[in-house]
Structures are given as structure tokens and as C-alpha cells.
Amino acid sequence: MERKSAAPRSAWLTRAAACCLGLLAMLPARAAEPLPVREIAAGVFVFNGETAEQDAHNRGAISNLGFVVGSRCVAVIDTGGSPAVGAALRESVRQKTALPVCFVINTHVHPDHLLGNQAFLADTPAFIGHVKLLPALAARGRGYVAAAERLMGDAGRGVELVAPTRAVQGEESIDLGDRRLRLRAWPTAHTDNDLTVLDETSGTLFAGDLLFVGHMPVVDGKLLGWIKVGDQIAALDLKRVVSGHGDAGADWRGAFAKQRNYLQALADQTRAAIKAGRKLAQAADEVARDQVGNWELAELFHRRNVTAAYAELEWED
């Protein structure tokens with residue numbers, strides 16, 4: 001069903017982006033209160049979002065966002081869960097540099113990472129995502145817009161979806177001027193459209209939600225795929241990793257190990273429940289309960305994760 005509707009919705013998204021760009025170009029720039037960003041390496045800035053569901057209080061500032069400054073221009077990596085958060089991030093960029101924003105990169109489709117995109121339309125950047133981001137946004141976008149207003153009230157009104165204008169399949173690089181970012185589109189893991197961004201100059205990887213810290217990991221793609229991809233990233237030669245939620249800090253490999261423990265327990269215990277003939281409702285009450293206390297927001301996401309794992313593994317060979 002989603003595949004049949006993706007093409008017309010994609011066209012609608014593109015028209016909406018073009019329309020919104022024209023309107024914003026005619027409006028005077030309005031300064032927003034900037035987000036508090038940290039410079040974690042020379043020219044690499046990060047905002048750490050609140051570990052919470054999006055609501056009227058946090059306005060969707062619940063994920064980690066960042067930007068990297070080259071000698072020619074700036075790349076923004078994820079834009080937050082509302083236009084207000086995107087505008088605040090844009091003001092943070094303006095406070096750090098007068099260079100233009102030439103790229104806005106979305107690490108995946110979830111609304112807390114991309115509903116701030118429209119704040120950057122007036123900068124006319126390339127909007128970059130995984131090759132599967134556009135169909136995912138076309139299938140889910142209208143629901144995200146409706147949920148934004150329901151959950152955030154005024155902060156969630158006026159959301160315009162911005163379609164990616166450049167898609168990454170495999171690996172490619174972009175140049176900010178004396179600074180290259182390597183973009184990699186991964187097989188299905190946290191979602192089917194996860195994209196990482198590596199700043200080669202500082203050795204900093206923006207992992208998006210391929211890494212959760214504190215916040216319980218959320219399975220929206222393939223559990224087994226995520227375990228595999230996580231292992232691959234943890235083995236890379238990196239200086240630091242920016243997670244999608246929480247702060248990985250210096251022990252980012254330890255953060256990947258903790259996440260892997262949860263995901264592997266979810267897989268192993270779901271398999272055992274299926275083999276023992278447990279129904280889904282019973283498995284959701286029992287699987288990986290020993291892991292729940294290690295994570296925030298477990299009450300919101302753990303049962304969903306068991307459901308996703310059960311659906312994936314029920315007919316496993």
C-alpha cells in the first residue's frame with residue numbers, strides 16, 4: 001500500500017518545499033533564541049537534546065543536532081523536531097559563523113531529527129538523505145505533521161515537510177572547503193534509511209539513531225540488521241561519536257556495547273519465547289525485562305521493541 005502511494009506523495013513533498021522556499025524568501029529574517037551548542041572539536045558543534053517525548057515544553061528538542069564549519073560553508077546535521085527548534089539551531093550557526101549553510105543532512109526519517117528542516121529553506125542548501133529517506137517521508141510525513149500539532153501545540157503548528165534534494169546510496173563525500181564529510185547509507189538497521197556523517201578532519205562520526213545513550217533504543221527497522229551495523233561502526237577508527245540521543249562521551253565504544261547487550265538480549269529472548277510457544281502478549285511482558293532498568297523511557301518503547309522483534313523473528317529460518 002505504501003509503495004503505491006509513495007510517488008504522488010513524493011511529488012507533493014517537492015511542491016510543498018518549493019512553495020515554502022518562495023514564501024520564506026519574501027519574509028524578513030527573524031532571530032530566534034539560539035540552542036546551546038558545544039564545540040566538541042575544532043569547527044564541530046553539537047546540541048544535546050532532552051531525553052523525553054516531544055511536547056509543548058521541549059518543542060521537539062529531544063535529539064542531538066549539529067553542524068560542521070568548513071572554509072567555504074557549513075553542513076547542518078539534523079534539525080530537530082519542530083520549526084522552532086530548527087530556527088534556534090540556525091541562529092546558533094549564525095552566532096558561530098557568517099558562512100552560508102550549503103548542506104542540511106538528515107540521518108533518518110524520524111520527526112525529531114527533521115521537522116526543523118524548513119528553517120533552513122531560505123539558505124537554499126542541498127537537503128541530503130539516504131536514498132530511502134524520500135519514500136519513507138512520503139509514507140509517514142503527513143502523520144508526523146498531525147502528531148506534531150497534537151503533541152506540541154503551538155510549537156507543532158505550521159510544519160512543512162522538506163523533501164531531500166540529494167540522495168545517498170552507498171558512500172559519497174561532500175566538500176565544505178578544506179573539510180570533507182563522508183556520508184554512508186547503511187542497510188536496514190534502526191530504520192531502513194540510516195545515514196552517518198563522518199568529519200574526516202576531526203574524526204567525528206554523527207551516528208544519528210544508530211547509537212542511543214540513556215534513551216532506550218527504538219527498533220523501527222531490523223533488529224538483526226541493527227546489531228550487525230552497530231558492530232561495524234564500533235570497529236571503525238574514530239576519535240568520537242555523536243549519538244542520536246544522549247552523550248556518548250569518550251567511551252563511545254562502551255555505549256555501543258551497552259546498546260548491543262540490549263539488542264542481543266531482545267533477539268535471544270524473543271527467539272526463546274517463540275520457540276517455547278509464547279504468544280506475543282506474553283512475550284512482551286517477559287522478554288529482556290532484566291534490561292529495562294538500564295534505560296530511560298523504557299515504559300514507552302520496550303514493549304514496542306519486543307513486538308517488532310517478534311514480528312521479525314517469528315518466521316526466521
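**Reading the model**

Q: Which residues of H2 are buried?
A: The buried residues of H2 are Pro83, Val85, Gly86, Ala88, Leu89, Glu91, Ser92 and Val93. Keep in mind that this is a predicted model. An α-helix has 3.6 residues a turn, so residues three or four places apart point the same way. Among the elements that cover the buried residues of H2 are S3, S4 and S5.

Q: How many residues has H2, and what span is expected at 1.5 Å a residue?
A: H2 has 14 residues, and the expected span is 20 Å. From first C-alpha to last, H2 reaches 20 Å.

Q: At what angle do H6 and H9 pack?
A: Two packed helices are described by the angle between their axes and the distance between the axes. For H6 and H9 the angle is about 60° and the axes are 9 Å apart. H6 is therefore oblique to H9. The crossing of H6 and H9 is right-handed. On the H6 side, the contact is made by Tyr262, Leu266, Ala267, Thr270, Arg271 and Ile274. On the H9 side, the contact is made by His302, Asn305, Val306, Ala309, Tyr310 and Leu313.

Q: How many disulfides does a search of the whole structure find?
A: A disulfide is a covalent bond between the sulfur atoms of two cysteines. The search of the whole structure finds one. This disulfide joins cysteine 73 to cysteine 102, with an S to S distance of 1.9 Å. The pair links distant parts of the chain, 29 residues apart. Cysteine 73 is in the loop between strand S3 (65-69) and strand S4 (74-77), while cysteine 102 is in strand S5 (residues 101-105).

Q: Which phi values are positive in residues other than glycine?
A: Most residues other than glycine have a negative phi. Arginine 59 has a positive phi, near 60°. Aspartate 78 also has a positive phi, of about 70°, although it is not a glycine.

Q: Where are arginine 59 and aspartate 78 found?
A: Arginine 59 lies in the loop between strand S2 (44-47) and S3. Its relative accessibility is 33%, so arginine 59 counts as partly exposed. Aspartate 78 lies in the loop between S4 and helix H2 (83-96). Aspartate 78 is buried, because its relative accessible area is 2%.

Q: Where is threonine 191, and what does it touch?
A: Threonine 191 is in the loop between strand S9 (180-185) and S10. Its relative accessibility is 1%, so threonine 191 counts as buried. Leaving aside residues up to four places away in sequence, threonine 191 touches His108, His110, Asp220 and Gly221. The C-alpha atoms of threonine 191 and threonine 107 are separated by 10 Å, though the two are 84 residues apart along the chain.

Notes. Residues numbered from 1 in each chain as written. Predicted model: local features only at pLDDT ≥ 70, side-chain atom pairs only at ≥ 80, totals over all residues. Heavy atoms only, no water. Disulfide = S-S within 2.5 Å. Helix = DSSP H or I, 4+ residues; strand = E, 2+ residues; numbered from the N terminus. Axes fitted to C-alpha atoms, helices over the stretch in contact; angles between N-to-C directions. Parallel < 35°, antiparallel > 145°, perpendicular 65-115°, else oblique. Left-handed = near helix turned anticlockwise from the far one by under 90°. Contact = heavy atoms within 4.5 Å. Buried < 20%, exposed > 50% of the residue type's maximum accessible area, 1.4 Å probe, protein only. Expected span 1.5 Å × (residues − 1).
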